Amino acid sequence: MALKSGGLKILQVVLPGDEVLQFSPNGNNERIILGPGLRWHENNICATRSGLLKKASKNFYYVDSHQKRYIPHEKEFVIGIILRKKGDNYLIDIGGNEPGTISCLAFENSSKKSRKEMKPGDLIFGQLLVANRDMEPELVCIDVFNKTVSMESLPDDGIMFTVPLHVARMIVNPENIYLMSIAKKINYTVIVGFNGRVWLKTEKQRDMVAIMNCIMMLEFMSLEEAEKNVFRLLDSFLVPVQH
Amino acid sequence: MKEVPLSTCEKTSIVSAIRAGQRYDNREFLEVRDISLNFGKDYGSCTVTLGQTRVLAQVTGEVVEPRPSRPNEGKISISVHLSPMAAPHFESGRSNDLVDELQQILERNIKESRCLDLESLCVLAEESVWQLRVDVTVLNHAGNLGDACNLASVAALRHFHRPDVTVEEDGRVTIHTLEEREPIPTFMKKVPVCLTYAFFVVDDKCYMLMDPSEKEERVSNYFYELVKLWIKVKFGFMRFGWLLRQTLVPPTCLPS
């Protein structure tokens, strides 16, 4: 079964250890790029995770699997929770094995004299600068040009929840109209971290809980089912509960 | 792994949602999540699903010597296991507070309430009695482990059938296999039912939530466990302090 969605083909369901194809490099510039979940060993390409084998472009293959635990990667945007201040840095929990650090100066308009003050328990949205398995992850809230680019500490009056990683990747995909269809009914601000944490804010408390449940439904529904049902779901959550 | 810390944003949003009268999963304040009980092929095995929380209880029995102080009573031993499968911050082997608490709840509910007739577990006075061992394993932690463990162990005990035993005149004891003779069910005089409530004290008003989910548990001020023994109505209270503030719960919100 090969479905097309903007150049992405879903090839087959694989289990760990399944051989996907035989490939031996033989000098005539034939190249295959292997993404996450695939491994090349002794001329065989095997899957190391269970999930759907997808082909993104002409020669790029990867396995898309359900995962809840986050493994930090460079250049990913994540939402972190501040644990405590450690010298000139803040210690942040990003959902990985180790807490990450962010320097007090890694914010726009901060210098040695005027620093950004944050308390333990605050939320911060930043980009991972360093994230390999041998070092502590490091975050920054500015880009190369020292501009904020919407990375900052998040105010306290939103709602934050955790979704599995594949749901976070699904809703961030620009071809995906799920978040847009929710926006037709309710105005809201959403920030999605690649570590599975999502932060939402609307004007009314009830709307926030409704949208939160709609996004969490994506864990068990496919995208087509969710798009059909999104308005029905929203209405059911917006009905006021009697006490 | 350490437990993921609770951010200020999550705490304030749960409390303000409760003040507005709403829970995250759209339940009523006094509504319990869906409960399902699945019994295994062997006698004495039960899996309870309370929403996303899953607990497995297994009862096994063996014949041992009785305690010298109580020569014609059987024995029950209960043990709770928490592994990293239930939640990433649990460490198997190391005893932590939650394991002690759950063990305390189960021992109080099942042993101290004397709901099981221990004298019926006697085979030969002063020589051999049945020892029932209840092993409770938490498979997934999504809030309200006390209720789920209690439900699983009570259901497993009621599901358990012990093999039939014949005592000869000269004192020999023969334990029959399940194929030879019909096994005997355990008899419970009273059935302990455990209900957990979480209290939130907001602006001098107290809100009572039944069957708290994991986040609600972590944010709540107080926890009350009500144990009701069916048939013989007897209340037991147990209070665990998750004190975020040093104030006492106002007497108006104590359940009647």
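This is a predicted model: local features need pLDDT of at least 70, side-chain atom pairs count only at pLDDT 80 or more; totals for chains, interfaces and linings use all residues.
Local features need pLDDT of at least 70 and side-chain atom pairs count only at pLDDT 80 or more, while totals for chains, interfaces and linings use all residues. Residues are numbered from 1 along each chain as its sequence is written, chains are lettered from A in the order in which they are written, and side-chain values use heavy atoms, with hydrogens and water left out.

The largest pocket has a volume of about 2,000 Å³. A pocket here is an open set of points on a 1 Å grid over the protein atoms alone, where a 1.4 Å probe fits, with protein on both sides within 12 Å along at least five of seven lines; lining residues have an atom within 4 Å of a point. Of the 48 lining residues, A:K68, A:T162, A:M216, B:A142 and B:E214 are the closest to the centre of the pocket. Two or more residues each come from β14 (159-162) and α3 (205-216) of chain A and from α4 (214-219) of chain B. By residue class, the lining has 22 nonpolar, 11 polar and 15 charged residues.

B:E216 and B:R23 meet at 2.9 Å, N to O. B:E216 is buried at 3% relative accessibility, and B:R23 is buried at 1% (buried is under 20%, exposed over 50%, partly exposed in between, with a 1.4 Å probe and protein chains only).

A second pair in chain B is B:D211 with B:R27, at 3.4 Å between the closest N and O atoms. B:D211 is in the loop between β12 (205-210) and α4, and B:R27 in the loop between α1 and β1, 184 residues apart. B:D211 is buried, at 0%, as is B:R27, at 5%.

In chain A, A:K85 pairs with A:E117 at 3.9 Å. Strand β8 (residues 77-86) holds A:K85, which is partly exposed at 41%, whereas A:E117 is exposed at 59%. The whole structure has 16 salt bridges over all chains.

Key:
Grid points are joined across faces, edges and corners, and a volume is the space filled by probe spheres set on the points. Helices (H or I, at least four residues) and strands (E, at least two) are DSSP runs, numbered from the N terminus. Ala, Val, Leu, Ile, Met, Phe, Trp, Tyr, Cys and Pro count as nonpolar, Asp, Glu, Lys and Arg as charged, and the others, Gly among them, as polar. A salt bridge is a side-chain nitrogen of Lys or Arg within 4 Å of a carboxyl oxygen of Asp or Glu.
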